[in-house]
Amino acid sequence: MRENLHRFFRAARGAGVRVSPAESIDAMRAVAQVGVSDRAILRDALLLTLAKSQDEKLALGDCFDLFFSQPEPRQEQAEADSEDAAQGTDQSPSSGAASEAAGREPTEGLGPLAQMLLSQDRNAIAAAIASAAGAASLSDIRYSTQRGIFSSRILDAMGLQRLRDDLDALTATNPSLAERLRAGLDALREAVRDTVSQGLALYAREEAENLRNDILRNAPLARIERRQVEEMRALIRKIARRLRERFSKPRKRQRRGHLDVRRTLRRNAAWGGVPFLTAWKRKHRDRPKIVALCDVSGSVAQVSDFFLLLIHSLHEVVDDVRSFAFSSHLIEVSDILETKSPEDAMQEIMSKVGFGSSDYGSALVDFEKEFMSTLTPQTTVIVLGDARSNNLDPRADILRRISERSKRLVWLNPEGRLAWGFGDSEMPRYATFCSVVRQCATAQQLERAVSDIVATYQ
Amino acid sequence: MADQKASTSIEAVESGLAAQGYIASRQIATAVYLSQQIEKPILVEGPAGVGKTELAKAIAAWRGMKMIRLQCYEGLDEAKALYEWKYAKQLLYTQILKDKLGEVLGGAQTLHAALDQLHDFGDVFFSKEFVEPRPLLQALEQPGGCVLLIDEIDKSDAEFESLLLEILSDFQVTIPELGTVSAITPPTVILTSNSERDLGDALKRRCLHLHIGFPEQRLEERIVESRVHGISQTLRRQMVGFIHEIRSLDLKKLPSVSETIDWARVLVLLQASELDTEIVKDTLNVLLKYEADIEAAAPQVTTFIAKAARSNVFG
C-alpha cells in the first residue's frame, strides 16, 4: 500500500498538485487512520491533506479517479469465479469437459508468459503487467513519444522473448495452440498499451503542459495559429497571475530618504540646534499609472491583443490603465476592454479602428489633441507597434512632447532589431525619445517587458 | 475532561455534530475526524454563510469544550492576539521595589556589591504574573483543551500568518522574555477564510484544507429541517429547490445556507404553506443582498417556482 501511495503522490505531482514531503507524511498518517477499505473516505482524506486550494482539489480528485480506475484484481477474481461457476452450472457437462481437455493440452515446456496467456488468467496477467510496469519504471514517462519504448520495455520485462520462441516452436508442432497464443499476445499488447497510456495521463500531464507552454512562450505572437489562440490566452492569464502575485504584495521597504536639514534644525531649536532628534525625508513611491498606445493594424494586431489582455488583467498591481488603439485614427479602448470578454472586446476594437494601413503620425496627432492631459509625471507610456508608418510623416515631435510629459516612454516593437530602420520603419527616429526600446514578439518577452515596467514603481 | 467523547469513527463525528444541530457532509466529518487523529488544524474555505464558523461552534458544543475565538482584521498584531505585558502592574511593581530597595540591598557597602545583590534578588519584572494572555495564549493554557477558532484569517495581514505558524505546527508560542509556552492539551484549531486573498503556502501546509461549498439539495433540506422548526416538508423542498435555481444565476452574491435558514424562518413567520410568486417577491430581499441581484432575479421568480415544484414531484 505504501508503494501505491508513493506512486499516487507522483501522479499527483504530475497533475500539478504540489505535494511536499511533509504533506506526503501527513497523507500517510491520515491514510493510516482512515484505512483503505472505503474508497470514498480515502479520497476525502487524501484531498484534505494534499490539496491546498479548490483548483488543486479538482485536479487531485480527477487524478485519484484515474489512478484507482485500474480494475482491482481481487474483485475481478471474484467476478471471474462467479462467471465460471455460472458457466459451469449452465452449460452441459460435456462442454465443461471439453474446456478442461483444452486446458490439459500440453503446455509443459512453454514459458510462464505463454502459460499465463493460454490459461487466460486475467488476474495474473494484470498483476504481471503491473509488476512489469514497475520494473520498467513507467512513472518516469514524460512525453507521448515515449509510449512505444515503454510498451516494449514492459513487454520485454514480461518475457516477450521467451514467448516468441514458444510461438515459433508451437507453430511447427501445434498450429491451433499457436493461433490461440497469438491472439493472447495481441490482447496482451493492447492491455500494455492501455496501461502505458494511463501512465502517460497520470504522470506526464504537467511535464507535457510545461513543454507545450515553453514552446508557446517562445513562439512569435504575430504568427500564432488560430487553434493556439485560446491556449495563448490561457498562458497570458497565467503570466498575469504570476505578475500579480509578485507585485501586488505590499512590500515593506525602507522609505527613509536623505536627512531633512530644515526640519531637523527646527525640531532641535530647543537644544540650541544640537541635533538630538533627526528628521528624515521620505522617499515617495508612485502607484503605477500606465497609458498604452497600441497599433492594431494587420501585422501587429495579434501582439496588441495579447498585450492589452495582459495589461488589463493586472488590476491589483496597476490601478490606472488607459489604453488607446489606432491604425491611422486613434480611439480610447479602456472601457471596451473593461466591460467585455477579451474576444468580444478585440472584435469591437478591430471593427472600429483595425485593419487600416497604419499612420503613426495621424495617430499621434489624435492623441495630442484629445488625450495629452491624461499624462502626468507619474505615467509610463507604452507604445506597442512596428513603427512602420507607410512613409507618411512620423510626427516624432509629438512623441518628444509625450516623452517630456511622462515618467517613462517605453516602445515595444514586435519586429526584430535587424528590421528596425529598414523600409518604412521609423523606429530609429522614434527611439531617440524613448526611455526604453525593446523587442517584444513572444509571450516571454511580453512578460519581461511588463514586469520591468511595473518593477520601476516598486 | 471525563465526559470528553473520543470520536472513534467518522459516523460518530457526523452524528455528534448533528446532535448540535450541525448537519455535516461526509467530507466535513472526515476532516474533523482526521484533525483530531493527526492533530492538525483545519483551514476551512468557502463562500460567506455556508457555516464555517458554525462548524467550530458545533465541535466545541459537541465535545463539551470551551471555544476561544480570535476574530482577525487588518492590523491585528501580537499584542492583541498572543499576549501583552500588564504595564500598569509592572509600573506599580517598580514603585514597590523602589520602596523596598533599602531592605533588599541592605548592608551593601559598594555599588558593586549592591548590584550583585540585586542580581540575586530574582527578576519578576518579566514573569508570568505580568503577562496578559490573549486568545492564542489562552487557548494553549486551557487544561482540558479547547476549540480555537481563528476567524477570517484572510482579513489579517500577511505578517500575522507567520506569527501563527509556530502555534499551528507545534501548539506552542515563544515569548522572548519567558521562553516557550507549550499547550497543556493541544487545542482543536479551526481557521476560516473567505479567500479574499491567497494565504501563504507555509500556513496552508500546516493545515488540512477543507472547502465547504453550497450543499446539495438533500443536505440543505436536512439543514433547514434541523434549524427551523415548524416548516412543512413541501415548503422546505420547494424553497430549497428555488434557492438552488437562484444559485444558477450570475449574481453578485449568491444566497448561501445562512440566507436559506433566514428565509425559511421568514416564511414560517408569514405562515406560508407553499411558495407563490407574491410571497417570494415580497421576501426576496431576505435572500439577495444587492438591488441589482434582486432586479436580475425578479423576472425569473415564476419560472423558478414552477421548476422547483416540478422537481418536487419527481424528486
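1. The model is predicted: local features need pLDDT of at least 70, side-chain atom pairs count only at pLDDT 80 or more, and totals for chains, interfaces and linings use all residues. Residues are numbered from 1 along each chain as its sequence is written, while chains are lettered from A and ligands numbered from 1 in the order in which they are written.

2. Chain A has 21 helices and eight strands (DSSP runs, H or I of at least four residues and E of at least two, numbered from the N terminus). Of its 458 residues, 32% count as buried (20 or more other C-beta atoms within 10 Å of the residue's own, C-beta atoms being placed from the backbone).

3. In chain A, the axes of α2 (residues 21-34) and α3 (residues 39-50) come within 9 Å and cross at roughly 155° (axes are lines fitted to C-alpha atoms over the stretch in contact, with angles from 0 to 180 degrees between N-to-C directions). α2(A) and α3(A) are therefore roughly antiparallel (over 145 degrees).

4. Residues making this contact include A:Ala27, A:Ala30 and A:Val31 of α2(A) and A:Leu42, A:Ala45 and A:Leu46 of α3(A) (contact: C-beta atoms, placed from the backbone, within 7 Å).

5. The contact between the chains takes 16 residues from chain B and 17 residues from chain A. On the side of chain B that touches chain A, α2 (26-37), α10 (201-205) and β9 (208-211) of chain B each give two or more residues. The largest share, six residues, comes from α2(B).

How values were computed: Two residues are in contact if their C-beta atoms, placed from the backbone, lie within 7 Å. Angles under 35 degrees count as roughly parallel, over 145 as roughly antiparallel, 65 to 115 as roughly perpendicular and the rest as oblique. A residue is buried if 20 or more other C-beta atoms lie within 10 Å of its own, exposed if 12 or fewer, and partly exposed in between; C-beta atoms are placed from the backbone.
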